Amino acid sequence: MWVGEFLASYPTAVKRVFERINFRRDAGGWAGEVTLLCGCPDRFYVRSVTADSRRFVARMTPSLGAVEETVLLDLEVREEADGAIVLAGSRARLDCDGVPGTPTEFTAEYESRVRIASSEIQGHGVFAREDIPAGGMILTIRGERTSIQTPHSARISEDVHCEPTGYLRYINHCCDANSVIDASNPDRPVLRARRPIPAGDEVTFDYVLNEGLVVADFACNCGAATHRL
């Protein structure tokens with residue numbers, strides 16, 4: 001049985017990389033796939049080498065035809081103080097002798113109400129796994145707080161933006177959006193449904209409403225009757 005989908009992100013020297021991690025627990029331990037969110041196919045197969053119910057150490061070996069090096073994962077499924085379920089730990093590339101390099105620590109988020117899939121609006125989008133009522137919480141907004149607005153940031157207050165490290169990064173703009181950012185608790189901003197969102201529908205929010213001024217140029221393809229961009 002699949003445990004679920006986690007969204008992992010970690011910084012590199014060039015940019016922040018996002019990967020989708022799907023995994024399950026079977027008689028042999030943990031198994032699953034890790035997929036780069038850039039249109040690439042699944043590229044790793046993960047097999048656990050521990051039997052712990054919450055922690056696993058695994059080698060990510062490239063899929064057939066891939067050229068990436070083997071990566072060692074040391075991760076634990078844990079519950080945060082706010083009830084969030086995350087994968088936390090580190091990843092390190094192995095050299096030709098199987099010796100791990102410097103580990104990169106990261107946290108992967110799990111949101112039970114949504115999943116990531118290809119979007120007709122643009123690239124990847126976030127879709128409801130279940131019916132979400134008007135006013136219902138969709139996901140928690142996590143990321144680095146900054147005073148600088150970027151093409152992917154969300155405004156939390158007048159002078160504070162959040163550079164998302166989780167699912168908000170993949171929520172597309174819509175001029176008639178079905179969600180809105182609720183930052184009434186600035187320490188734990190969330191995304192809420194503006195109206196009922198049926199299971200299977202893409203979750204969207206209005207970049208203009210949130211930011212006031214959009215810093216990136218892009219062609220709006222949201223399908224709304226009236227466009228704000």
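Which residue does Arg 142 form a salt bridge with, the closest N and O atoms being 3.4 Å apart? The partner is Glu 111. A salt bridge here is a side-chain nitrogen of Lys or Arg within 4 Å of a carboxyl oxygen of Asp or Glu.

Before going on, some ground rules. This is a predicted model, where local features need pLDDT of at least 70 and side-chain atom pairs count only at pLDDT 80 or more, while totals for chains, interfaces and linings use all residues. Residues are numbered from 1 along each chain as its sequence is written, and side-chain values use heavy atoms, with hydrogens and water left out.

Now the chain as a whole. Its secondary structure comes to one helix and 18 strands; these are DSSP runs, helices being H or I with at least four residues and strands E with at least two, numbered from the N terminus. Of the 229 residues, 42% are buried, meaning under 20% relative accessible area, with exposed over 50% and partly exposed in between, using a 1.4 Å probe and protein chains only.

Back to the salt bridges, of which there are five by this rule. Glu 109 also pairs with Arg 142, with the closest N and O atoms 3.3 Å apart. Glu 109 lies in strand E8 (residues 104-110) and Arg 142 in the loop between strand E11 (137-140) and E12, so this pair ties together parts 33 residues apart in sequence. Glu 109 is buried at 4% relative accessibility, and Glu 111 is buried at 5%. Glu 109, Glu 111 and Arg 142 are linked in a network of salt bridges.

Another pair is Asp 176 with Arg 195, at 3.5 Å between the closest N and O atoms. Asp 176 sits in the loop between strand E15 (172-173) and E16, and Arg 195 in the loop between E17 and strand E18 (202-205), 19 residues apart. Asp 176 is partly exposed at 43%, and Arg 195 is partly exposed at 32%.

Ser 153 lies between strand E12 (143-146) and strand E13 (154-157), and is buried at 6% relative accessibility. Its side chain reaches the backbone nitrogen of Thr 150 at 2.9 Å. Pro 189 is in the loop between strand E16 (179-182) and strand E17 (190-193), buried at 1%. Leaving aside neighbours within four places in sequence, Pro 189 has contacts (heavy atoms within 4.5 Å) with residues including Thr 140, Ile 141 and Arg 145.

Technical notes
A polar contact is a pair of N or O atoms within 3.5 Å; within protein, one must be able to donate a hydrogen and the other to accept it, and residues adjacent in sequence count only if both atoms are side-chain atoms.
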